[in-house]
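Colleague: I am new to reading protein models. Could you walk me through the features here, one at a time?

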Amino acid sequence: LPLRSRVRVCPGPGTMGILEKISEIEREIARTQKNKATEYHLGLLKAKLAKYRSQLLEPTGKAAAAKGEGFDVMKSGDARVALIGFPSVGKSTLLSKVTKTHSECASYEFTTLTCIPGVLEYKGANIQLLDLPGIIEGAAQGKGRGRQVIAVARTADIILLMVDASKGERQKALLQAELESVGIRLNKRKPNIYFKVKKTGGLSFIATCPLTHVDEKLVQMILHEYKIFNAEVLFREDCTADELIDVICGNRVYLHCIYVYNKADCISLEEVDRLAHQQHSVVTSLELNLNLDYLIEEIWEHLALVRIYTKKPGCRPEFGDGHAVILRRGATIEHVCHAVHRTLVSTFRYALVWGTSTKYSPQRVGISHLVHDEDVVQIVKK
């Protein structure tokens, strides 16, 4: 054989070693029986697995210093939505249908090779939609530009997980596993665990409720794996070892996710009905424009945005799409002041509010008053 055909390019020794360790631990977890006697061993294995995965995502030394080619997309608009899925499931078609941006669509895989942003205008809000390249199995280890796709997904407010309706369950499980392995938790809330590393004093372990998944010995073993010997741990709810590891790592992202089953025209009505009744799921057919309005409404609901209209003294409020102040659900009058002008908080006296957040209209409120969707606010300065 000629020399060129015999030469093989091997990945760096550090990366390959970590990948081998990860696969070895995964095999060990798979073949270990789950019972009371093995829970400490499994907890230790999960802690090691999380540590190696974080090393894989954040390489040190020359690999970290080398500049990689990523998807540098400026965050714009009121919210950001990332489209994630396998190749040829309809991500580019969705972007072209709901925004004014055209994304190339074709009948072959990997049509989209970079991140294409578009703006969805809905109820006066500008929602940035990111069409990301299709990811493949093993994306968490960097296959098929998977790392760049996942890095952009971490910056989104919600994720649209697009799958082919005819192979929906398998694709959904694979995508969830890829995102879970890089620290993205879908439709979960942050565990109610207080954790603080101390300089001295050993381990202080407190639980305000009965714990069924972990105990003090397991917590101590997991912390020792991370070279933490002095810490304060307070469990306010019954959490698992995985959730404790998430809190210790501190780099987990908790995002809302909508599962979009495209190509509904290729499956039976019974299957459509079954998929549509699952939580956080929307069944669509982009080819036939079926259920597109409901999908956009679901995006709005999951983003939890509220529209606030401002009013000048002695004038009628300016209603309409272009005049609303877009904020997140749970916003207060202080957030409204910051959105209008940054110096308004220092001169704020009181506000008059018309809408569902008050007992009567108008109601005089303070700066900490919570506002609801479509409230009208008049701010009075000192």
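Modeller: Start with two strands: β7 and β8 run parallel and are joined by 5 bridges. This is a predicted model, in which local features need pLDDT of at least 70 and side-chain atom pairs pLDDT 80 or more, while totals for chains, interfaces and linings use all residues. Residues are numbered from 1 along each chain as its sequence is written, and side-chain values use heavy atoms, without hydrogens and water.

Colleague: What does pairing rest on?

Modeller: Strands of a sheet pair through backbone hydrogen bonds, either parallel or antiparallel. Two strands count as paired if DSSP finds at least two bridges between them. Strands (E, at least two residues) and helices (H or I, at least four) are DSSP runs, numbered from the N terminus.

Colleague: How do I read a pair of aromatic rings?

Modeller: A pair of rings is described by the distance of the centres and the angle of the planes. Rings of Phe, Tyr and Trp (its six-membered ring) pair if their centres lie within 6.5 Å; planes under 30 degrees apart are stacked, over 60 edge-to-face, the rest tilted. By this rule the count is 3 aromatic pairs. One of them is F205 with F235, tilted, at 5.7 Å centre to centre and 55° between the planes. It links strand β7 (residues 203-207) to strand β8 (residues 231-235), and the two residues are 30 residues apart.

Colleague: Is F235 buried or exposed?

Modeller: F235 is buried, because its relative accessibility is 0%. F205 is partly exposed, at 21%. Buried means under 20% relative accessible area, exposed over 50%, partly exposed in between (1.4 Å probe, protein chains only).

Colleague: Why is the pair of Y309 and F319 called edge-to-face?

Modeller: The planes of Y309 and F319 stand at 70°, with centres 5.0 Å apart, so the pair is edge-to-face. Y309 is in strand β11 (residues 305-310), while F319 is in the loop between β11 and β12. Y309 is buried at 6%, but F319 is exposed at 51%.

Colleague: And how do I check a helix?

Modeller: Compare its length with the expected span, 1.5 Å times one less than its number of residues. Helix α11 (residues 292-303) has 12 residues, so it should span 16 Å; its end C-alpha atoms are 17 Å apart, which agrees. Its buried residues include L295, I299 and W300. After α11 comes A304, with a positive phi near 55°.

Colleague: What does a hairpin look like?

Modeller: Look at β2 and β3, which form a hairpin with 2 residues between them. Strand β2 (residues 116-122) pairs with strand β3 (residues 125-131) in the antiparallel sense over 7 bridges. K123 in the turn has a positive phi of about 50°.
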